[in-house]
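Work through the exercises below with the model open beside you. Try each task before reading its solution.

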Amino acid sequence: MEPPESATAFAAEKVILRWDSTASEDARDKMIFSGDRLEIDVYLDAVDELQKSMSSTALSDSSSSTLQIAMARLEDEFRNILLSHTSPIEAESLTESTHSEFSQEFELKEEIGESSFDKQFEHQESNSSTTSSCYKSSSSIREVDLIPNDAVYDLRCIAERMIGAGYLRECIQVYASVRKSAVDASLKKLNVEKLSIGDIQRLEWETLETKIRRWIRAARICIRVLFASERRLCEQVFEGLGNSADDACFMETIKGPAIQLFNFAEAISISKRSPEKLFKILDLHDALSDLLPDIECVFESKSSESIRTQAFEILSRLAEAARGILSEFESAVLREPSRVPVPGGTIHPLTRYVMNYISLISDYKQTLIELIVSKPSTGPRYSNDPSVPDMDLSEYEGQASTLALHLIWIIVILQFNLDGKSKHYKDASLVHLFMMNNVHYIVQKIKGSPELREMIGDNYLRKLTGKFRFSATNYQRATWVRVLHCLRDEGLHVSGSFSSGVSKSALRDRFKNFNAMFEEVHRTQATWLIPDTQLREELRISISEKLIPAYRSFLGRFRSHIESGRHPENYIKYSVEDLENSVLDFFEGYAVSQHLRKRSQ
């Protein structure tokens, strides 16, 4: 009579062989774990019994063969359960966990729907068959159920038996290959493309800008939802089964997709530097910096150290790229080579570009204050290099951050470049008008940005304000001193009686010269442009305050001498009101009628 142990082992082998897919067509067509729970438990008990009997007796060829059949069957069942749940993670789950912080910038509401993520969790939590919630929160990490709990239970039951029989490698290979496909599908849904670093660097920057926005959103979701949930699933299936199986399985699954994800940021961090890339690089830096605690949490094991290291290295390179771009931008502003004067002395495109650029810099001041630690390389005070402005920033160092010193330096070199460009105007008055327009624009841009104004500081802002007012004064001197010189008394009186000693020929020449000069100024400066309405009006008022009283007084003193002679209209061509109206034509940027606007007679 056979021992009870042998009978039990024989019965177990019989159950296992009945499900041998190589020997039975019925076994090939059916999956054990797709059937009822009783049949599943019978098969698992049979495997347990076979392993138990083999550990207590010498391993027979028959038992060894049966164990291999059982492991092959469990591997197929393991794969089938995984394949039944390989759909990409649902769009609702892909909504990043911290969408409230970033929805305005990336418009996630439009792409996915703001509350769908939370609704999914509420639904899962209320329907969970376990006592634990369907996800746990660590900072901003959100772990979702990738596979139903009953399927997870079955996977762990199979993993326990395969690993117990020495099939750890086979178990992990099957798991990782199937789950990696699911992760790849989710990455594709998030528009994370399989591009090499070389492929990325060959793309046009305009294309990359769009991809950077998508990558930032995808990275947050991948780290905080997708990868975190894959780690959790590995722990549920493999934790405690020996040899850090859960860590090994997680890295087998995630390493390829993680490298694919981070390759994009790495390619940007080592790409050719240019000023237009700064702000997207800072966006990448901020996003990755924000994700670092989550990366350390998700990839905390020793086996995933390479992923953590890669993230830190990319962040460091992005920071260095930002510093390098700012330095290169300063050089580009200083060396900007355009020599063609802008028509009418208006605001130069370089001025608009630079001021809009540093206004954007001020929007990133929190990041850049941390990254920019070296003072700008200014020209030495009283240096002999005419290509670099002399500037001593020491008076601002105590009250400004290093970043603010760089912004002040950029404005200094911008003015230095503009000063060089102004020399290409042939009219001295237009030189001063050009500088007035551009420095005034700089002042207004600073005043219009609270962040920029705070960094630049009122001290330097007052200097800039004084500079554009000085240019306005110089413009008036260059234009109007010679015009007003015609309205002086000197040279009009002849020797003899004062009351009758006015030289009519000299007086006629004065009126003729005044008319000619004013007409030329009017014709020319109507085509000049002051784009700022308030500045334009202020300068017109200032001109009128000097011109109109002088002309009115001159006309009052000498009108009678002209009108008593022949053809007075050839000399007194304009009334005071005519001049007042004509001043309104100045700085509009377009030509006016050749004749001054004269009041109706």
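**Exercise 1. Confidence**

What pLDDT does the chain average, and what share of the residues score at least 70?

Solution. Start with the scale: pLDDT is the predictor's confidence in each residue, from 0 to 100. The chain averages 85. A score of at least 70 is reached by 85% of the residues. Now look at residues 96-138. Their pLDDT stays under 50. The model still has 73 contacts for this stretch beyond four places in sequence, a contact being heavy atoms within 4.5 Å.

Two ground rules apply throughout. Residues are numbered from 1 along each chain as its sequence is written, and side-chain values use heavy atoms, without hydrogens and water. This is a predicted model, in which local features need pLDDT of at least 70 and side-chain atom pairs count only at pLDDT 80 or more, while totals for chains, interfaces and linings use all residues.

**Exercise 2. The largest nonpolar core**

Find the residues that touch the most other members of the largest nonpolar core.

Solution. First, the terms. A nonpolar core is a set of buried Ala, Val, Leu, Ile, Met, Phe, Trp, Tyr and Cys residues joined through side-chain atoms within 4.5 Å. Buried means under 20% relative accessible area, exposed over 50%, and partly exposed in between, with a 1.4 Å probe and protein chains only. Helices (H or I, at least four residues) are DSSP runs, numbered from the N terminus.

Next, the core. It holds 182 residues, and F78, F227, F238, F299 and I361 touch the most other members. Helix 12 (residues 205-238) gives the largest share of this core, 18 residues. In soluble globular proteins, nonpolar side chains tend to be buried together.

Last, zoom in on F78. Leaving out residues up to four places away in sequence, F78 touches L155, I158, A159, C171, V174, Y175, V237 and F238.

**Exercise 3. Helix 9**

Check the span of helix 9 against its residue count, then list its buried residues.

Solution. The expected span is 1.5 Å times one less than the number of residues. The buried residues are A151, V152, D154, L155, C157, I158, A159, R161, M162 and I163. Just after helix 9, G166 takes a positive phi of about 90°.

**Exercise 4. Cysteines**

How many disulfides does the count come to?

Solution. The rule asks for a pair of cysteine sulfur atoms within 2.5 Å. The count comes to zero. Take C249 as a case. The nearest cysteine sulfur belongs to C234 and is 4.0 Å away. C249 counts as buried because its relative accessibility is 0%. C486 is also buried, at 6%.

**Exercise 5. Salt bridges**

Count the salt bridges, then inspect three of them.

Solution. A salt bridge needs a side-chain nitrogen of Lys or Arg within 4 Å of a carboxyl oxygen of Asp or Glu. The count comes to 35.

- R79 and D76 meet at 3.4 Å, N to O. They sit three residues apart in helix 4 (residues 61-83), so about one helical turn separates them. R79 is partly exposed at 28%, and D76 is partly exposed at 32%.
- E305 pairs with K302, with the closest N and O atoms 3.2 Å apart. E305 is partly exposed at 33%, whereas K302 is exposed at 68%.
- R453 pairs with D458 at 3.5 Å between the closest N and O atoms. R453 is partly exposed at 33%, and D458 is partly exposed at 41%.

Salt bridges with shared partners also join E143, D145, R231, R232, E235 and E300 into one network.

**Exercise 6. Placing V412**

Which residues does V412 touch, not counting those up to four places away in sequence?

Solution. Locate V412 in helix 19 (residues 402-422). V412 is buried, with a relative accessible area of 11%. Its contacts are P389, M391 and Y460. V412 and P389 are 23 residues apart in sequence, and their C-alpha atoms are 7.5 Å apart in space.

Conventions:
Helices (H or I, at least four residues) and strands (E, at least two) are DSSP runs, numbered from the N terminus.
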